[in-house]
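Please look through the structure below before reading on.

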Amino acid sequence: MDQEKVTISYLMEKKRMGKKITMVTAYDYPSARLLDEAGIDVLLVGDSVGMVVLGYDSTIPVTMDEMIHHCKAVSRGTKRAFIIGDMPFLSYQVSIEKAIENAGRFIKKGGCDAVKLEGGSEVAHIVKAITDMGIPVCGHIGLTPQRATMLSGYRVQGKDIETAKALIRSAKDLEKAGAFMIVMECIPDLLAKIITEEVQVPTVGIGAGPYCDGQVLVYHDILGLFERFVPKFVKQYINLSSQIKEAVSKFKEEVESGDFPKDEHSFHMDPEEAKKLIED
Ligand code: KIV
């Protein structure tokens, strides 16, 4: 199934064939290149950039300008993967006009293939308005970090029958509104299974168990680059933080001891020429 540029029909086909979709967040040129070369299907320029790259306490302060800046870098580093730009807080809620205009910026300026926005049934009319303009939209239900305060923190959603039913409804409403894919964050595994079976579009889970059509994780979490907290659903495949600290400490040690740079790291000049510089 490998092909040049990943498309929506390729992602749909993966769901149909029972092949898992892979998605990882990317925020810059080098991470995009590495993920693209590793064959990841979808790069999500998540508003999580605010926390893992920009050092904010939440995703709330992230601006459209910051998102576009990071999307441009990601699109410069990507050849095959499908790129989704994450619409930041208040970039799509204020008015339909503003939502369409901002979604358009992700495509025109950011080089993205699609946008993602958080929310269920209550944002279905916004999803419809943006998709009607020809911009593909990925939904995001369950734990929606832009509403973490309303949800009383970063908690698992849909644990009781009422909220679980509301999430099923939301997924159906988003699909009906034209969403081409739905991210499901922090919901019970069997609820994610039901939703995945109830909608035709692919579902991609993060903390939503193994039955989704695909999985997404944050780049810095997979690589052990974000040390402030590690959610239960994260699998760290490597601890780069400790490896980076080790490498940088070694550099410090060698500079201080005079072991770096060595001859092979230096540009040489004829000593006779150098002498002339002093004489002059
Ligand atoms: O911003 C982000 O990284 C996300 C993922 C957690 C899905 O929305």
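## The end of helix α10

Ser-257 is part of helix α10, which covers residues 240–257; helices here are DSSP runs of H or I with at least four residues, strands are runs of E with at least two, and both are numbered from the N terminus. A polar atom in the side chain of Ser-257 lies 3.3 Å from the backbone oxygen of Glu-254. The side chain of Ser-257 also reaches the backbone nitrogen of Asp-259, at 3.4 Å. A polar contact is a pair of N or O atoms within 3.5 Å; within protein, one must be able to donate a hydrogen and the other to accept it, and residues adjacent in sequence count only if both atoms are side-chain atoms.

## Basis of the values

This is a predicted model, in which local features need pLDDT of at least 70 and side-chain atom pairs count only at pLDDT 80 or more, while totals for chains, interfaces and linings use all residues. Residues are numbered from 1 along each chain as its sequence is written, and side-chain values use heavy atoms, with hydrogens and water left out.

## Backbone exceptions

Most residues other than glycine have a negative phi, and most peptide bonds are trans. The bond between Phe-260 and Pro-261 is cis, with omega about 0 degrees. Pro-261 belongs to the loop between α10 and α11 (271–279).

Ser-152 is not a glycine, yet its phi is positive, about 60 degrees. Ser-152 is found in the loop between β5 (137–142) and α7 (161–177). Cys-186, also not a glycine, has a positive phi of about 50 degrees, and its place is the loop between β6 (181–185) and α8 (189–198).

## Ligand site

Which residues surround the ligand? They are Thr-25, Leu-44, Gly-46, Asp-47, Ser-48, Asp-86, Lys-116, His-140, Val-183, Glu-185, Ile-206 and Val-218, where near means that a heavy atom of the residue lies within 4 Å of the molecule. This shell divides into 4 nonpolar, 4 polar and 4 charged residues; Ala, Val, Leu, Ile, Met, Phe, Trp, Tyr, Cys and Pro count as nonpolar, Asp, Glu, Lys and Arg as charged, and the others, Gly among them, as polar.

An oxygen atom of the ligand is 2.5 Å from an N or O atom in the side chain of Ser-48. For the side chain of Asp-47, the distance from an N or O atom to a ligand oxygen is 3.0 Å.

## A salt bridge

Lys-14 and Asp-41 form a salt bridge, with their closest N and O atoms 2.7 Å apart; the term means a side-chain nitrogen of Lys or Arg within 4 Å of a carboxyl oxygen of Asp or Glu. By this rule there are 20 salt bridges.
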